Amino acid sequence: MTLFRPPSVQKTICPFVVSAAFLLTLLVGCSPTPEDQPDTAEVIGMVILDGEPVPGAVVTFAPETGRPSTGITDNAGRFELTYNKDTKGAKIGKHTVRISTQRYIENADGSTTEQQETIPEKYNAGSTLTIEVKPGKNDFPIKLDKE
């Protein structure tokens, strides 16, 4: 038995099926699998600049090779790193740490406001700060100075 569909239905279904198949392939191909994900460890900490906690800072741990982990400090300066959407923490090993407060914030009316950088360059774009992530739980108090 042959199922007949009018040409208008075929034209509507075909692009949808092709699009869905493409998206599924893309998502499966980009999803990390246990085989290709490195060993990670939990990383939490606090960012302090001249004795004061730094709220709203983006904290990035960049390993020598591979994907960086990021987190944003809360009002008390505390952060927790995320490796990817399914994994908290950071790759085990040595990391260059970058901390920045400069970013664009979307306002309720749809406009954007630039939040200015308050962290010295030696801790963000030109960072020389390094930290070793070890297996298990890592809690790093990161004390910065403006000088």
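# Reading strands, charges and rings in a predicted model

S1 and S13 run parallel and are joined by 8 bridges. The model is predicted.

Q: Which residue in S13 stands opposite valine 43?
A: Valine 43 faces asparagine 138 there. That is one place to look along the S1 and S13 pairing, which is parallel.

Q: How many bridges join S1 to S5, and in which direction do the two run?
A: There are 3 bridges, and the two strands run antiparallel. For a residue pair, take isoleucine 44, whose partner in S5 is glutamate 80.

Q: How many bridges join S1 to strand S8?
A: S8 covers residues 90–91 and is joined to S1 by 2 bridges, running antiparallel. Threonine 40 has lysine 91 as its bridge partner in S8.

Q: What joins S1 to S2?
A: An antiparallel pairing with 2 bridges. Leucine 49 is partnered by glutamate 52 in S2. The two strands form a hairpin, with 2 residues between them.

Q: How many residues of S1 are buried?
A: The count is 7 of the 10, so S1 is largely enclosed by the rest of the structure.

Q: Which residue in the turn of the S1 and S2 hairpin has a positive phi?
A: Aspartate 50, at about 50°. This residue is not a glycine, yet its phi is positive. Look for aspartate 50 in the loop between strand S1 (40–49) and strand S2 (52–53). Its relative accessible area is 46%, so aspartate 50 is partly exposed.

Q: What is the N to O distance for arginine 78 and aspartate 139?
A: The distance is 3.7 Å, and the two side chains form a salt bridge. This pair links distant parts of the chain, 61 residues apart. Arginine 78 sits in strand S5 (residues 78–80), and aspartate 139 sits in strand S13 (residues 137–144).

Q: Which parts of the chain does the salt bridge of aspartate 145 and lysine 122 tie together?
A: Start with the contact itself: aspartate 145 and lysine 122 meet at 3.2 Å, N to O. Aspartate 145 is in the segment after S13, while lysine 122 is in the loop between strand S11 (112–115) and strand S12 (130–133), so the pair ties together parts 23 residues apart in sequence. Aspartate 145 is partly exposed, at 33% relative accessibility. Lysine 122 is partly exposed too, at 31%.

Q: Are aspartate 86 and lysine 85 buried or exposed?
A: Both are exposed. Their side chains meet in a salt bridge of 3.7 Å, N to O.

Q: Now the rings. What describes a pair of aromatic rings?
A: Two values do: the distance of the centres and the angle of the planes. This structure holds 2 aromatic pairs. In one of them, phenylalanine 61 and phenylalanine 79 have ring centres 6.4 Å apart and planes at 50°, so the pair is tilted. Phenylalanine 61 lies in strand S3 (residues 58–63) and phenylalanine 79 in strand S5, so parts 18 residues apart in sequence are tied together. Both phenylalanine 61 and phenylalanine 79 are buried.

Q: What are the distance and angle for phenylalanine 61 and phenylalanine 140?
A: This pair is tilted, with 6.0 Å centre to centre and 35° between the planes. Phenylalanine 61 is in strand S3 and phenylalanine 140 in strand S13, 79 residues apart, and the pair links these distant parts of the chain. Phenylalanine 140 is buried, as is phenylalanine 61.

Q: Which residues form one aromatic cluster?
A: Phe61, Phe79 and Phe140.

Q: Where does the charged end of arginine 67 sit?
A: Over the ring of tyrosine 83, 5.2 Å from the ring centre.

Note on methods
Residues are numbered from 1 along each chain as its sequence is written. This is a predicted model: local features need pLDDT of at least 70, side-chain atom pairs count only at pLDDT 80 or more; totals for chains, interfaces and linings use all residues. Side-chain values use heavy atoms; hydrogens and water are left out. A salt bridge is a side-chain nitrogen of Lys or Arg within 4 Å of a carboxyl oxygen of Asp or Glu. Helices (H or I, at least four residues) and strands (E, at least two) are DSSP runs, numbered from the N terminus. Buried means under 20% relative accessible area, exposed over 50%, partly exposed in between (1.4 Å probe, protein chains only). Two strands pair if DSSP finds at least two bridges between them. Rings of Phe, Tyr and Trp (its six-membered ring) pair if their centres lie within 6.5 Å; planes under 30 degrees apart count as stacked, over 60 as edge-to-face and the rest as tilted. A charge sits over a ring if NZ of Lys or CZ of Arg is within 6 Å of the ring centre and within 35 degrees of the ring normal.
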